[in-house]
Structure formats: structure tokens, C-alpha cells
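Let's walk through this structure together, from the chain as a whole down to single residues. Please have a viewer ready, and keep the sequence at hand as you read.

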Amino acid sequence: MAILKIARMGHPVLSAPAHPVEDPEAPAIRALVADMIETMDDADGTGLAAPQVHVPLRVVVFFVDPERDAREGGDGEGVALTVLINPEIELLGDETKVDWEGCLSVPQMMGEVERHTHIRYRATGLDGKPIERDAHGFHARVVQHECDHLDGILYPSRIGGQGRFGFSDEIVRAISEEKAQAAYDAAGEDSETENQEDA
Ligand code: NI
């Protein structure tokens, strides 16, 4: 096992479509996945696609933390560490949501991306057996983000005209200031209402 170097935005491996894996049970794929999991854990990521470690193959690893799942529209159960080989996504319905994303290949930044809220995905597991799952909320977002990597797409190219994008620490500060201002404004309205009642 080894921690691999993560490619950053601008490296050509991140903008090229990845190749299908011919034998998901091959020892080389098992070794690649082990290294990807170690690399993802070391970088504190929630998902990683093989092109991000300079391997142009259709392999993704991810998990969903239960707390984050609950916070971002899921059922709070989370998803155990999952390996997807040659995944395919089917979009279910038209509902979409804009929410924040980050990426280990775009370090220290975050942006608002519109994603489908409900998807079905199919893939092959490391054991060669088929995987088919319905996903919604953060789970669906993670899988769409990771599968985009296999098509050479990074999330900044999906940020729409209204979407914010910037350094994570600046955005976190801006959001907390917006929240504080909103709370201040709400408190101001309350006191005005009280004043009116007093009068
Ligand atoms: Ni990413």
C-alpha cells in the first residue's frame, strides 16, 4: 500500500476520459484500489477517482459520513466505503439542487454546483459482482462528482452563472458573516414589531 500523489487541476490526466477496466478482479486493480483508499484517507477526502492519482481508469472509491448525509438532505444512514468499477449513472427525475463542493484536485477551494438530487448507479465491485443502488442527497452528489472525474470533468466547469466559487476559508467566513447579518436583521425586525405593538 502507498499514498499516491494527487493530480491538481490543470494536469491533463484530469481532463481526459478514463478507460474502462477490462478485468475488475485483476490483482493490479485490487492494488490500485488499496492505494486509492489509503490516499483518500490521508487527504481527508470523501471520494477519489483513479484519474486523480494519475491512473486513467474508470475506478472510484467513496464513502458518506452519516452526519454529513443527514445535514445535506440524506436519510442520515451514510454509505460504507464503496468501490465502483466502470460505474454508470442514470438520472432519476428532474429535481436538482445547488450546493457546495470541494475536490482534492482543486485544493483549498469550494464552489456551488447544481446536481441531480436522485440517481441510480450501476457498477462492478472488486469481487466482480454487480452493484446497483438508488442514491439521493449528498450520496447522489458524491457519486456524480466522482463519476465526472472519469469523463474528464472537474466541478468548477459545472458552476453556473450564479454559483459562487473561491477559497474555502474566505467563503466559510463570508457565509458565517451572512448568517450573523441575517440573524441581526431578523432580531431587528422582531424588535420593530414589538415596538409597534407597544405603540
Ligand atoms: Ni473531485
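**A guided tour of the chain**

The mean positions of the 17 positive and 39 negative charges of the chain lie 7 Å apart. In that tally Lys and Arg count as positive and Asp and Glu as negative, while His and the chain ends are not counted; each charge is placed at NZ of Lys, CZ of Arg, CG of Asp or CD of Glu. Please keep in mind that this is a predicted model, in which local features need pLDDT of at least 70 and side-chain atom pairs count only at pLDDT 80 or more, while totals for chains, interfaces and linings use all residues. Residues are numbered from 1 along each chain as its sequence is written, and side-chain values use heavy atoms, with hydrogens and water left out.

Now for the overall layout. The chain has 4 helices and 8 strands, where helices (H or I, at least four residues) and strands (E, at least two) are DSSP runs numbered from the N terminus. Reading along the sequence gives the pattern α-β-β-α-β-β-β-β-β-α-β-α. The C-alpha trace spans about 80 × 30 × 30 Å along its principal axes. Of the 199 residues, 41% are buried, meaning under 20% relative accessible area, with exposed over 50% and partly exposed in between (1.4 Å probe, protein chains only). The accessible surface of the chain comes to about 11200 Å², and 50% of it belongs to carbon and sulfur atoms; such areas come from the Shrake-Rupley method with a 1.4 Å probe, and for residues only the protein chains shown count as cover. Among contacts (heavy atoms within 4.5 Å) between residues at least 6 apart in sequence, 65% join residues at least 24 apart.

Let's start with helix H1, residues 27-42. Its 16 residues reach 23 Å from the first C-alpha to the last, close to the 22 Å expected at 1.5 Å a residue; the expected span is 1.5 Å times one less than the number of residues. Ile29, Leu32, Val33, Asp35, Met36, Ile37, Thr39 and Met40 are buried in H1. An α-helix has 3.6 residues a turn, so residues three or four places apart point the same way. What do the buried residues of H1 pack against? Their partners are strand E1 (47-49), strand E2 (59-64) and strand E3 (79-91). Just after H1, Asp44 takes a positive phi of about 60°.

Two further backbone spots are worth a look. Most residues other than glycine have a negative phi, and most peptide bonds are trans. His54, in the loop between E1 and E2, has a positive phi near 65°, and this residue is partly exposed at 32% relative accessibility. Asn86, in strand E3, also is not a glycine and has a positive phi of about 55°.

Strand E3 also holds Thr82, which is buried with a relative accessible area of 3%. Leaving out residues up to four places away in sequence, Thr82 touches Val60, Val61, Phe62 and Arg133. Thr82 and Val64 are 18 residues apart in sequence, and their C-alpha atoms are 9.2 Å apart.

Next comes the nickel ion. Which protein atoms are its donors? They are Cys103 (SG), His145 (NE2) and His149 (NE2), lying 2.1 to 2.2 Å from the ion. Cys103 lies in strand E4 (residues 96-103) and His149 in helix H3 (residues 137-150), so the pair ties together parts that are 46 residues apart in sequence. The donor spacing reads C-x41-H-x3-H. Donors here are N, O and S atoms within 2.8 Å of the metal (3.2 Å for Na, K and Ca), and water is not among the atoms, so sites may look incomplete. Cys103 is buried at 9% relative accessibility, and His149 is buried at 1%.

Because 14 of the 14 residues are buried, H3 is largely enclosed by the rest of the structure. Arg141 is one of the residues in H3, and it is buried at 7% relative accessibility. Beyond neighbours within four places in sequence, Arg141 is in contact with Lys97, Val98, Asp99, Trp100, Glu101, Val113 and Arg115. Asp148, found in H3, touches Arg115, Ile153 and Arg158, again not counting residues up to four places away. After H3 comes Gly152, with a positive phi near 75°.
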